[in-house]
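Here is a walk through a few spots worth a click in the viewer. Have the model open while you read.

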Amino acid sequence: MSTIFTVIVIILAVLAVVDLIVGVSNDAVNFLNSALGSKVASKRVILIVASVGILLGVITSNGMMEVARNGVFHPGMFTFSEIMFLFVGVMLSDVILLNTFNSLGLPTSTTVSLVFELLGASLAVAIFKIFDSPDLTFADLGNFINAGKAMVIISGILSSVVISFTVGAILMYLSRLLFSFKYAKRFGRYGAVWCGISIVGIIYFAIFQGMKSSGLIPEEFMNLINDNIWTSLILIWIVASGVLFMMQRMGVNIMKFTILSGTFALALAFAGNDLVNFIGVPMGGLDSYKIAMEAGDSSVLMGQLAEPAHVNPLYLIACGLIMAITLFFSKDAMKVAETQLSLSSQNDEEERFGSNKFSRGLVSMALKMNNVYNTIVPKSVQAKINRQFEQTEKSDVSYDFIRAIVNLTAASILICLGTSLKLPLSTTYVIFMVAMGSSLADRAWGRESAVYRITGVMVVVMGWFVTAIAAVTLSFIIVMFISWGGWWALTIITLLCGYILCHSLIFPRYKNKEEVKPILSEEKDEHNVLYDCTQEVCNTMEQISGIYNHMLVALFTENRRLLKETVTKSEILYKQANERKYHIVKTLKRIEDENVETGHFYIQVVDYLTEVTKALLHCTRPAYVHLENHHKGMTEEQIKDLKIVNDGVDEIFMQINRMLREKDFSSLDQILEMRDNLFGLIADAIKNQISRLKHEGASTKASMLYLNILNETKTMVLQSRNLIKSQGYFLDKINNK
C-alpha cells in the first residue's frame, strides 16, 4: 500500500475537523436566527439549547452517510486509488468554498456544495480514466456518474426560493392581522391554539425529518404515522394546544417555549441530516482504506461502498462536541447570522448592501401596485389593517416573538412537507427565504430600506447558484490536477488550502486585536453620550495623528507592510465615524428637548470627525496603492518638504489633543495661527513641486501622490480645527445647562 494513501487518510481526518468548523459557521444561521433575532433568551441559553439539539442530532445521522459514498457516483466503477483522489479533492474544495462564503457573511447550502463537489470530482476521475484506458469512451461516462442528481438539486433551488418566500409572507401577514404588535390580550385567548400549530410542525420536523434515518424509531411506527398523517397531525395539535394552555395558565411564557423548542428541533435536524456534508466523505475515505488494506490491492474496485454505512458512535459524539464548541466561539457564525438579521430587521439598520436597477425597479413597481390598492380598498379597511401593523414602540430586537414563531413554523412545516412529497427542498434556502417573506409581509422592508434589502436577497440567492457552479468547477480542477500530478500536486493543493485557512481563521484574530474602539458607544445614555464624547474624540484624534505619521515614515522607507497597517487602521476609523454619523438620529432622540443647542454642536462634532478620518484615508490608501504597484518612490526634495509639513501637522495635533484632554479651549486662536502657517508651508511645497516638474526625471505617479497628500493634509487640518471649535462650544453648552 502506497504511503500517499495513508497521507490522504490523515489529510481527510484533518479536513473533517476543519469542515465541521466552517460548515457549522455557515449553517448556524439556519437554527439560531429566530431565537437570536427575537432575543427570546440570552445568547448563552440559545447556544446551549442548540448545542443539546446538535449532540442528539449527530447520533441520528448514521443512516445519511451513504449520500457521500454512492449518492452521486457509482463506486463500483472506481478503483481505490481513484476514490481516494476523488474524496480528498472534494474535501479540499469544500473547505475552501465554505470558508469563502463564511468570510463574505453569506449563507449557502452545504448540501448543494457537497453534491456538486462530488459531481465535479467524480467527473474528473471518470474523464481521466477514460483518457487513460483505450477500452473506454465518453459514451461510458453515464456508467460513472449519476448526473440526474444535479438537475434535481437545481430544481430544488428554484422551488425553495419561490415556495418558501410566498408561504412565509402569507403566514406572517395572517398572523399579524390576528395578533398585531399589541398581541398580549389576543394571545391570551388564542395563543395556545396558535402555538400548538407551531409545535405540530416542530415535533413532526424533529422526529420524522431529524430522526428518520437514526434507527431509533421503528419502521412500523413511521409507516403507521405516514399512512395516517392528517389524523396524527390533528391529534398532536389538540394535545399540544391543551398542554400549552395549561402552561399558559401556570404563568409560563409559551412563546419563549415554542421558539426554544423550534431552535432545538432545527439544530437536531441539522446535525442529523447535514453531518454527512462534513464527515461523510472522510468516513468514506476511511472505509475505502480499510477495504483496500483487507484486499491488499490498491487497484481493487470500491463496490463495497454501495453497502450501508456504519459509523462508530464515538466519532459522531466527537463531531457533535466540535460543532457545539464552534457555535460558542465562531465569529464567522455570527457574521453569517447578522446578514439574515440585517435583511429582516424591523428596526433602522445600517444597510450592508447597495442598490441596483433591478431592486429599484421592483420597489417602483410595488409603489405603483400600492397606489392601485389604495384606490380599490376602502379607506376604513385600510385604516383597520394598518393599525394591526403599527408598532407600539421601538426596541433593540430585530423582530418580535410572533415573527420568530412564524419563521420556525413555516420553515419546519415546509421542510417536512417537501420531504413527504420527495421534493428536494434545501434547509438553508427554506429558512432564509421564509425569513425574507415574513419580513416583507411584516412591513420591515419600508421605503427607506427596501431597495437595499432586495439587493441583499438577490446577492444571497445568486450566491446559491454560484455555489453549485463553483463546487463543480473547483473540485473538477483539483481532482484532475491531483490525478495528473500525484504526490507533488497533492502537496501543492494541501499547502494552498492550509494557507487560505490560516489567512482567514488565524491572521484576522491578530488584526482584530489592533482594531480601534468604537467612536461612541451605542448603548450610552444621554449623560454619557454628552460627556464621554470629549474623551472618545480625543482618543480618535490621537490615533489620527499617529497613523498620519506612520504613513509618511512607511512611504519614505517604502515599507509596504507598515503602510498596509496604516490603511487598515484608517479604514476602521472612517468606518466607525461613518457609522456614528449614520446613527446620529438615534443619539439625538436620547437627548432631552432642552438640549437642542447641545445636539446641534454634537452633529457638527460627528460631521467634522467623519471628514477628518476621510481625509486621512485619502492619504493612506493612495500611498499604499502607489507602493503596491511598485511605482518610483519619493525624491529627496519631496521627502524633505513632507517632513517639514509633518512637523507642522504634529505641532497642531499635539496642541489639539492637549486642549481636548484638559478641556481648555482658550488657545483656539493659536490653533488658527498655526493652521495658517501650515497652509503657507503646504503652498510652498506645492510651488516647489511645480518647479521640479519642469526638470527631467520627475516621476509622474510620485508627483501625483505627493500633491494628493498635501491637499488631503490641508483638508484634514482644516476640519480638525473646525472640530476643536465645535467641541469647545459643545462642552460649553453642556456646562451651562
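This is a predicted model: local features need pLDDT of at least 70, side-chain atom pairs count only at pLDDT 80 or more; totals for chains, interfaces and linings use all residues.

Helices here are DSSP runs of H or I at least four residues long, numbered from the N terminus.

Glu 558 has a phi near 55 degrees, a positive value in a residue other than glycine. Most residues other than glycine have a negative phi. His 630 does likewise, with phi near 60 degrees, again positive and again not a glycine. His 630 sits in the loop between α24 (596-628) and α25 (636-662). How accessible are the two? Glu 558, at 45% relative accessibility, falls between the cut-offs of 20% and 50%, so Glu 558 counts as partly exposed. His 630 has a relative accessible area of 60%, so His 630 is exposed.

**Where α4 meets α18**

Next, the helix pair. Helix α4 covers residues 80-104 and helix α18 covers residues 450-485; they pack at an angle of about 140 degrees with axes 8 Å apart. That angle makes α4 oblique to α18, since roughly antiparallel would need over 145 degrees. The crossing of α4 past α18 is right-handed.

Which residues do the touching? On the α4 side they are Phe 85, Leu 86, Val 88, Gly 89, Leu 92, Ser 93, Ile 96, Leu 97 and Phe 101, and on the α18 side Gly 463, Thr 467, Ala 470, Ala 471, Leu 474, Ser 475, Ile 478, Val 479, Ile 482 and Ser 483. By class, the contact of α4 with α18 has 13 nonpolar and 6 polar residues, with no charged ones.

Buried or exposed, then, for Glu 82? Its relative accessibility is 17%, so Glu 82 counts as buried. Leaving aside neighbours within four places in sequence, Glu 82 is in contact with Met 77, Val 125 and Lys 129. The C-alpha atoms of Glu 82 and Ala 126 are 8.9 Å apart, although 44 residues separate the two along the chain.

**Aromatic pairs**

How many aromatic pairs does a search of the whole structure find? The count is 12.

| Pair | Centre to centre | Angle between planes | Type |
|---|---|---|---|
| Phe 481 and Trp 488 | 5.4 Å | 90 degrees | edge-to-face |
| Trp 484 and Trp 488 | 5.5 Å | 75 degrees | edge-to-face |

As for accessibility, Phe 481 is at 23% and counts as partly exposed, and Trp 488 is at 44% and also counts as partly exposed. Trp 484, at 60% relative accessibility, counts as exposed. Elsewhere, Phe 5, Phe 80, Phe 85 and Tyr 289 form one aromatic cluster. Phe 85 has already come up as one of the α4 residues that meet α18.

**An arginine at 0%**

Last stop is Arg 403, in helix α16 (residues 401-420). With a relative accessible area of 0%, Arg 403 is buried. What does Arg 403 touch, not counting residues up to four places away in sequence? Its contacts are Met 172, Arg 176, Ser 344, Ser 345, Gln 346, Ser 398, Ser 438, Ser 439, Asp 442 and Ala 444.

Methods. Residues are numbered from 1 along each chain as its sequence is written. Side-chain values use heavy atoms; hydrogens and water are left out. Axes are lines fitted to C-alpha atoms, for helices over the stretch in contact, and angles run from 0 to 180 degrees between N-to-C directions. Helices (H or I, at least four residues) and strands (E, at least two) are DSSP runs, numbered from the N terminus. Angles under 35 degrees count as roughly parallel, over 145 as roughly antiparallel, 65 to 115 as roughly perpendicular and the rest as oblique. A crossing is left-handed if the near helix is turned anticlockwise from the far one by less than a right angle, and right-handed if clockwise. Contact means heavy atoms within 4.5 Å. Ala, Val, Leu, Ile, Met, Phe, Trp, Tyr, Cys and Pro count as nonpolar, Asp, Glu, Lys and Arg as charged, and the others, Gly among them, as polar. Rings of Phe, Tyr and Trp (its six-membered ring) pair if their centres lie within 6.5 Å; planes under 30 degrees apart count as stacked, over 60 as edge-to-face and the rest as tilted. Buried means under 20% relative accessible area, exposed over 50%, partly exposed in between (1.4 Å probe, protein chains only).
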